[in-house]
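Q: Hello! I'd like to learn how to read the features of a protein model, one at a time. Could you walk me through this one?

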Amino acid sequence: MAGRVLVAVKRVLDYQARVRVKPDKSGVDLTNVKMSMNPFCEIAVEEATRLKEAKLAEEVVVVSIGPKQAAETLRTAMAMGADRAVHVQTDEEVQPLAVAKLLAAVARQEQPGLVLLGKQAIDDDSNQTGQMLSALLGWPQATFASKLVLDASAGKATVTREVDGGLETLRVSLPAVVTADLRLNEPRYATLPNIMKAKKKPLATTSPQELGVDVSPRLQTLRVEEPAKRKGGVILGSAAELVDKLRNEAKVI
Amino acid sequence: MALLKPARRAANAVATIGLRSLSTLVLAEHKDGVLQPNTLHALTAAKQLGGPVTVLVAGESTTSAAEAASKADGVAGVLTAQDPCLARSLAEPVAALLQVVQSNRKYTHVLAPSSTFGRNVLPRAAALLDVQAVADVAEVKDSSTFVRPIYAGNALATVKVLGEGPRMLTVRPTAFAAATAQGGNASAQPVSAEELQAARDAAGVSEWVAEDVRKSDRPELGQARVVISGGRALKSAENFHTYLDPLADKLGAAVGASRAAVDAGYAPNDLQAVGISGAIQHVAGMSSSKVIVAINSDADAPMFQLADYGLVGDLFQILPQLDAELAKLLK
């Protein structure tokens, strides 16, 4: 048994919401927009819950770093099956290295046998936190996982990874850090009774100061802009016309 | 005033270092002895930084990839790290090697291609060096300022790396042209025994078990000049082959797919616009293409807002017509 599984979740702009850049180019406008759990994090929570249901884990602890509202994301994770939550509350912008340091501090307290994260957040698209966390803990990593098989008696996990050109299978020693790809599983919907039950599950609040982590940013965002708009195209009448345009106008074939 | 002085002196010192001693290390991706093209794209980004460029080739066997790297245009030197523990580019030994090589040799910039290899290894090495890496750089503004896409490409952020220490970047290959594979004449030298030992010490916690590589004669998706991409509307894996393969063959194109097509089992996951609606997540991967053609029966599909040329109609009728037209042209 892997014992405790720690899962990191992030609250982000909902994946279906329209991204609006602020007129002063200081960032993306997050006022009055729907926020949700990062889709890759949902997959990590689902995988942890399945490990518990298969009696391969004893307890699932979710952790999130962010403002007050991140507690909602933690409640969602508990409604999906996590047992308890740790909220590292801060209103500051926390970049992946600082997130990894905070998660490492939580991991040292919680002593999990496995840490699950999403492979990336759909807001900053960094794809770094899991790798950085495993480096700081000195643990092996298995990123972009599409299949996870725990062999707890051997103290190992066998992980299939989505890599350029196909799949790769690794065997890593536990404890380890695994980051979830979209294809790892299909996350469940939280049912109303489970949402009600999740309200009673324990949620501990801490802070970067209490964890002794300096979260000051290492990257300064100078500006955020919309990408260049593509000029509107034309609708053509036939395949022959398309081939002619590609040949003589766009000169690509 | 007195308080401001030391800060200003420090800023000047950084600027002077920036001008005088830029140096860049590029972590090479190679497979089966072949230097991967995305490394050549990363070399172009490295060249734009302005300092001499060293390529690090780590693996069980490095000879042919190191030779290819030494011939690439703009490469000043090649470092090789050859050891069984570096086989298959496992993150733990490669990141430990990168950490010690950087600690010993103090490059101002460390780059890797933003492939699954680079994104796996570079952030791990960055954390070991206590550096916040910059992911998926699409433009180099100056030695500390970079542009990268965020929110699935719906916004572009210009970020400046603060403080001292190396700038560690993964580089979006499609945003930089490939460096010429010929013209260079760099010499290769092995890393030190101590540096190699750091990789060995970090190894052993993970082992490579197997791989399932998609075999294809077509160009690799990330590098192809033309990509023909199918979505849910193709309806089956057979249709993918029947309708898209002849077109791809005639155009020397790679075949791509939408998430919906992959989830339905029509295409493998690593193939990622025919019958594609234009959901933002798909658009993120293809919207910087030079010319986009959309074929869809729904005239209101968002993809038509991006497409330079659109055909509204049933793809099962249009694709064979297109194939016939291309056949005429190529005759």
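Q: How many residue pairs are in polar contact across the interface of chain B and chain A?

A: Happy to start there. Keep in mind that this is a predicted model. Across the interface of chain B and chain A, 34 residue pairs are in polar contact, counting residues at pLDDT 80 or more. By class, the side of chain B that touches chain A has 41 nonpolar, 17 polar and 19 charged residues.

Q: How many residues does each chain bring to the contact?

A: Chain B gives 77 residues and chain A gives 76 residues. Together the two chains bury about 6,300 Å², with 55% of that area on carbon and sulfur atoms. In chain B, the residues that lose the most area to chain A are B:Q132, B:Y151 and B:Y309, together 13% of what that side buries.

Q: How many salt bridges are there between chain B and chain A?

A: For a salt bridge, look for a side-chain nitrogen of Lys or Arg within 4 Å of a carboxyl oxygen of Asp or Glu. Between chain B and chain A the count is 2. A salt bridge joins the side chains of A:K101 and B:D130, at 2.7 Å from N to O. Over all chains, the structure holds 31 salt bridges.

Q: Which residue forms a salt bridge with A:K119?

A: That partner is A:D181, and the closest N and O atoms are 3.8 Å apart. This pair links distant parts of the chain, 62 residues apart. A:K119 sits in the loop between β6 and α4 of chain A, while A:D181 sits in the loop between β10 and α5 of chain A.

Q: In which sense do strand β9 of chain A and strand β13 of chain B pair?

A: They pair in the antiparallel sense, over 7 bridges. To find your place on screen, look for A:R171, which stands opposite B:E207 in β13(B).

Q: What does UniProt place at residues 25-215 of chain A?

A: The unreviewed UniProt entry gives "domain: Electron transfer flavoprotein alpha/beta-subunit N-terminal" there. That span of chain A is 32% helix and 30% strand, and its end C-alpha atoms are 24 Å apart. For chain B, the UniProt annotation of that domain, also from an unreviewed entry, covers residues 24-207. In chain B the span is 33% helix and 33% strand, with end C-alpha atoms 30 Å apart.

Q: Is the peptide bond from A:L174 to A:P175 cis or trans?

A: Here is the general idea: most residues other than glycine have a negative phi, and most peptide bonds are trans. The bond from A:L174 to A:P175 is cis, with omega near 0 degrees. A:P175 lies in the loop between β9 and β10 of chain A.

Q: And where is A:K55 found?

A: A:K55 is in the loop between α1 and β4 of chain A. A:K55 is not a glycine, yet has a positive phi of about 60 degrees.

How values were computed. Residues are numbered from 1 along each chain as its sequence is written. Chains are lettered from A and ligands numbered from 1 in the order in which they are written. This is a predicted model: local features need pLDDT of at least 70, side-chain atom pairs count only at pLDDT 80 or more; totals for chains, interfaces and linings use all residues. Side-chain values use heavy atoms; hydrogens and water are left out. Contact means heavy atoms within 4.5 Å. Buried area is the accessible area (1.4 Å probe) that two parts lose on being put together, summed over both. A polar contact is a pair of N or O atoms within 3.5 Å; within protein, one must be able to donate a hydrogen and the other to accept it, and residues adjacent in sequence count only if both atoms are side-chain atoms. Ala, Val, Leu, Ile, Met, Phe, Trp, Tyr, Cys and Pro count as nonpolar, Asp, Glu, Lys and Arg as charged, and the others, Gly among them, as polar. Two strands pair if DSSP finds at least two bridges between them. Helices (H or I, at least four residues) and strands (E, at least two) are DSSP runs, numbered from the N terminus. UniProt positions are given in the numbering used here, feature names are shortened, and annotations may be inferred rather than shown by experiment.
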